[in-house]
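Trainee: Could you go through this model with me while I have it open on my screen? I would like to ask things as they come up.
Mentor: Of course, just ask and we will take the topics one after another.

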Amino acid sequence: MDDKTEIIRVEKLNKYFGDLHVLKDIDMTVMKSEVVVLIGASGSGKSTILRCLNFLEKNDSGTIVLDGEIIDPKTHNLNRVRERVGMVFQHFNLFPHKTVLGNVIEAPIKVKKIPKDQAVRDGIELIKKVGLSDKINVYPSKLSGGQKQRVAIARALAMKPDVMLFDEPTSALDPELVGEVLATMKQLAEEGMTMVVVTHEMGFAREVGNKILYLHDGKIIERGNPKELFENPQEERTREFLSKVL
Amino acid sequence: MDSLYHFFETFIVSYDLFIAAMFLTVGITVCAFMFALVFGLFFAFLKLTKIRLLMWISDFYVWIIRGTPLIVQIFVLYYGLTNIILMPTFWAVTIALAFHVGGYLTEIIRGSINSIDKGQQEAGSSLGMSAALTMRRIILPQAFRRAIPSFGNQFIIALKDSSLASFIGMQELFGVANLEGSTNFDFMTYLLVVAVYYLFIVYVFTMLVRFLERKMSVSD
Ligand SMILES: Nc1ncnc2c1ncn2[C@@H]1O[C@H](COP(=O)(O)OP(=O)(O)OP(=O)(O)O)[C@@H](O)[C@H]1O
Ligand SMILES: [Mg+2]
């Protein structure tokens with residue numbers, strides 16, 4: 001695998017909500033098969049970064065490059081761009097009126113126009129992969145939080161994205177269900193999926209992350225590999241944050 | 001005892017007239033309701049575009065419908081429509097009723113679309129689905145499920161409101177009761193008879209709505 005390919009490059013990204021300057025000159029790159037973990041206090045802008053990466057929010061300035069292509073929201077069909085960027089949400093956002101399989105095959109059939117029988121075959125495979133073969137025809141309301149999140153992961157994977165974004169995928173879960181979701185994510189990472197993860201699970205960040213970005217008040221003030229950043233943070237504010245969460 | 005006997009006698013004698021009229025009543029209401037869904041969807045979408053002029057048109061429509069008596073709307077639309085194009089009374093009345101019910105459905109549909117969690121739209125977007133596709137496949141099916149009880153209510157109101165069609169000569173349930181009552185000089189009995197028919201169809205449709213509600217709620 002060519003680990004030298006850049007999947008995402010962000011340069012001088014700025015984002016405002018009204019007068020509120022939420023992201024300040026964000027620079028970051030994500031290489032193929034890399035797991036980049038974003039950490040930082042509540043309100044520091046972690047979700048907003050992810051949402052800019054798949055254009056659920058539009059940045060006010062700066063560039064976002066996906067697979068070597070500068071994405072301009074004005075000229076690009078953002079729906080096509082989003083097909084390549086999977087997203088997993090804190091609150092799952094499964095489609096409650098569709099079964100597990102229905103959730104997974106919806107976009108491949110309706111967006112990618114994949115024939116139904118093939119989409120079903122691929123979907124079942126993915127559901128198996130996240131360990132839910134016995135839940136294929138079940139509605140989301142009958143699933144635990146951890147199971148819901150694994151379905152959400154399978155649903156995003158069904159579009160065969162180049163990169164997966166995770167926004168606090170375990171924050172809404174009961175503690176005993178966190179492990180199964182993290183295990184699924186770890187497995188994905190081991191298979192070479194490129195991932196950007198916002199999480200408060202420092203154990204996961206340390207074990208699975210290749211690069212940690214510490215975000216403070218809309219700025220990335222420290223970055224490095226997990227060992228450097230967790231064991232020897234350079235910035236006082238990073239140390240402070242870590243002492244609270246570790 | 002005599003009057004009870006008289007009631008049943010009237011009921012049985014007028015049976016075939018009222019059955020035919022009942023089908024007409026149900027026919028007007030079902031057709032009107034289906035058109036009303038189209039009106040309701042259309043004006044709800046206008047409102048959701050967030051384009052000033054379109055929102056204003058939607059508000060104006062709802063304002064007119066809510067602010068004027070149905071009988072006025074029916075007369076105006078009936079004479080309006082039949083003046084412009086040659087149109088059978090049935091369709092003129094049906095469209096007039098649909099236009100009325102559509103005003104109420106506009107609000108119901110808009111409300112239930114807005115009640116769907118924003119995360120659903122975002123999940124659709126994040127999978128590369130267009131706004132229109134997400135609306136059609138994800139938001140609307142959930143919004144409609146949520147709206148079933150209100151739709152049911154509105155349908156039953158429309159069922160009874162369709163009696164106003166008799167004022168422009170439709171021989172639906174109330175029209176028949178009116179005519180038979182006056183030709184037989186026996187208004188009261190025929191009014192009671194027709195009430196039984198209304199109670200019956202309202203009961204049937206209430207059950208139907210309840211069944212739909214239960215069937216649709218399996219998923220959430
Ligand atoms: N749609 C919005 N409109 C206005 N302000 C917003 C909006 N979304 C986020 N913000 C603000 O932007 C800032 C960054 O929010 P963001 O959700 O990115 O933080 P976060 O790091 O993900 O926090 P958390 O850990 O609580 O999820 C916060 O001050 C938040 O209040
Ligand atoms: Mg967040």
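Trainee: Is B:I57 buried, partly exposed or exposed?
Mentor: B:I57 counts as partly exposed, because its relative accessibility is 33%, and please keep in mind that we are looking at a predicted model.

Trainee: And where in chain B does B:I57 sit?
Mentor: B:I57 belongs to helix α3 of chain B, which covers residues 52–67.

Trainee: Which residues make the nonpolar surface patch with B:I57?
Mentor: The patch is made by B:I51, B:L53, B:W56, B:I57, B:F60, B:W63 and B:I64, and together they give a nonpolar surface of about 740 Å².

Trainee: Are A:K211 and A:E34 buried or exposed?
Mentor: Both A:K211 and A:E34 are buried.

Trainee: What about A:E69, which residue does it form a salt bridge with?
Mentor: A:E69 forms a salt bridge with A:R84, and the closest N and O atoms of this pair are 3.7 Å apart. A:E69 is in strand β5 (residues 69–70) of chain A and A:R84 is in the loop between α2 (78–83) and β6 (85–88) of chain A, so this pair ties together parts that are 15 residues apart in sequence. A:E69 is partly exposed, with a relative accessible area of 32%, and A:R84 also counts as partly exposed, at 23% relative accessibility.

Trainee: How far apart are the closest N and O atoms of A:R150 and A:E180?
Mentor: In that salt bridge the closest N and O atoms are 2.8 Å apart. The pair links distant parts of the chain, with A:R150 in helix α5 (residues 145–157) of chain A and A:E180 in helix α6 (residues 175–190) of chain A, 30 residues apart. A:R150 counts as buried because its relative accessibility is 10%, under the cut-off of 20%, whereas A:E180 is partly exposed at 25%.

Trainee: Which residues are linked in a network of salt bridges?
Mentor: A:K15, A:R51, A:E57, B:K118 and B:E122 are linked in such a network.

Trainee: OK, and disulfides, how many over all chains?
Mentor: The count is zero disulfides over all chains. As for individual cysteines, A:C52 is buried, with a relative accessible area of 0%, and B:C31 counts as partly exposed at 21% relative accessibility.

Trainee: Last one, which residues are on each side of β6(A)?
Mentor: A:V85 and A:M87 are on one side and A:G86 and A:V88 on the other, and all of them are buried, so that both faces of the strand are covered. In a regular strand the side chains alternate between the two faces of the sheet. β6(A) pairs in the parallel sense with strand β7 (residues 163–167) of chain A over four bridges, and A:G86 has A:M164 as its bridge partner in β7(A).

Notes:
Residues numbered from 1 in each chain as written. Chains lettered and ligands numbered in written order. Predicted model: local features only at pLDDT ≥ 70, side-chain atom pairs only at ≥ 80, totals over all residues. Heavy atoms only, no water. Patch = residues over 30% accessible without salt bridge, like charges linked within 9 Å, V, L, I, M, F, W, Y side chains within 5 Å. Areas by Shrake-Rupley, 256 points an atom, 1.4 Å probe, with all protein chains shown as cover. Salt bridge = Lys/Arg side-chain N within 4 Å of Asp/Glu carboxyl O. Helix = DSSP H or I, 4+ residues; strand = E, 2+ residues; numbered from the N terminus. Buried < 20%, exposed > 50% of the residue type's maximum accessible area, 1.4 Å probe, protein only. Disulfide = S-S within 2.5 Å. Pairing = 2+ DSSP bridges.
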